[in-house]
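Please read it with the structure open.

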Amino acid sequence: MYRVGYVDEDGGQKSTFFNTLKDDFEVKLFDITEETDSESLVEAILASSLDVLVLDFLLDETGLVDFNADELIEKIQEVNKHYPLIILTSREVDALDQIPDANLINGKEEMLVNKIDIFKQKLNKIASNYKASIGNAQKELEHLEEKREEKGLEPNEEDRYVELNLYLDQTVAAKNHISRTFYSEDTNKKLDELIAKTEELINKIHNPQ
């Protein structure tokens with residue numbers, strides 16, 4: 001059973017979401033109060049080990065908070081650009097104006113009322129694809145590690161090794177699994193640049209100006 005998170009400022013909508021999906025998914029509801037800020041909410045989301053995240057778009061509609069789903073998505077994707085998520089909204093036109101990826105946007109009433117079975121299938125597909133992508137990356141990385149130990153890697157394979165480590169570092173938050181001593185000087189330089197950029201983005205979330 002996949003773990004699905006839901007972000008909505010409307011308590012009634014959260015109850016509807018929970019009751020609709022509770023038999024097919026493990027549902028995690030995120031509370032939004034006047035004290036909630038986007039940074040702390042993103043931290044809570046990323047710490048919740050979700051398989052897929054569902055967000056209402058207009059979170060500021062009741063005045064509890066001053067941000068919407070587009071800001072949360074931007075902050076989440078700064079940490080993990082592959083994060084599995086979807087938007088449910090009754091304000092699709094507004095969402096399309098603010099969200100670059102139109103494929104993320106779904107009509108709330110259509111999905112939760114008229115096409116609930118399709119919505120459940122979509123959630124399962126997003127979650128399973130995400131897990132499969134991580135699994136495939138882990139297998140490829142294991143293969144490269146075996147080859148590296150046996151006879152070393154070609155420069156393009158070293159680059160792929162770095163890429164896979166960074167991908168897994170984002171998606172599964174696995175720390176310190178990059179063996180830097182096995183990289184060429186050029187690859188180490190690329191890795192330093194990529195890690196510095198990633199750390200800079202993470203710091204923006206934890207230390208907003």
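**Notes on the fold**

1. In the protein, 61% of the contacts with a separation of 6 or more link residues 24 or more positions apart. Contact means heavy atoms within 4.5 Å.

2. A word on the basis. This is a predicted model, where local features need pLDDT of at least 70, side-chain atom pairs count only at pLDDT 80 or more, and totals for chains, interfaces and linings use all residues. Residues are numbered from 1 along each chain as its sequence is written, and side-chain values use heavy atoms, with hydrogens and water left out.

3. The protein has 8 helices and 5 strands. These are DSSP runs, numbered from the N terminus: helices are H or I of at least four residues, strands E of at least two. Their order along the sequence is β-α-β-α-β-α-β-α-β-α-α-α-α.

4. The 5 strands form an open sheet, ordered β2-β1-β3-β4-β5, with parallel pairing. Pairing takes at least two DSSP bridges between two strands. β2 (26–30) and β5 (105–107) are the edge strands; each has a single partner, so one side of each lacks a neighbour in the sheet. Neighbouring strands are turned by 25° against each other on average, direction ignored. The axes are lines fitted to C-alpha atoms, for helices over the stretch in contact, and angles run from 0 to 180 degrees between N-to-C directions.

5. β3 (residues 52–56) and β4 (residues 85–89) run parallel, joined by 4 bridges. Leu-53 has Leu-85 in β4 as its bridge partner.

6. Two helices pack on the sheet. Helix α2 (residues 38–46) touches β1 (3–7), β2 and β3, and its direction makes about 165° with that of β2. Helix α6 (residues 116–151) touches β1, β3, β4 and β5, at about 155° to the direction of β4.
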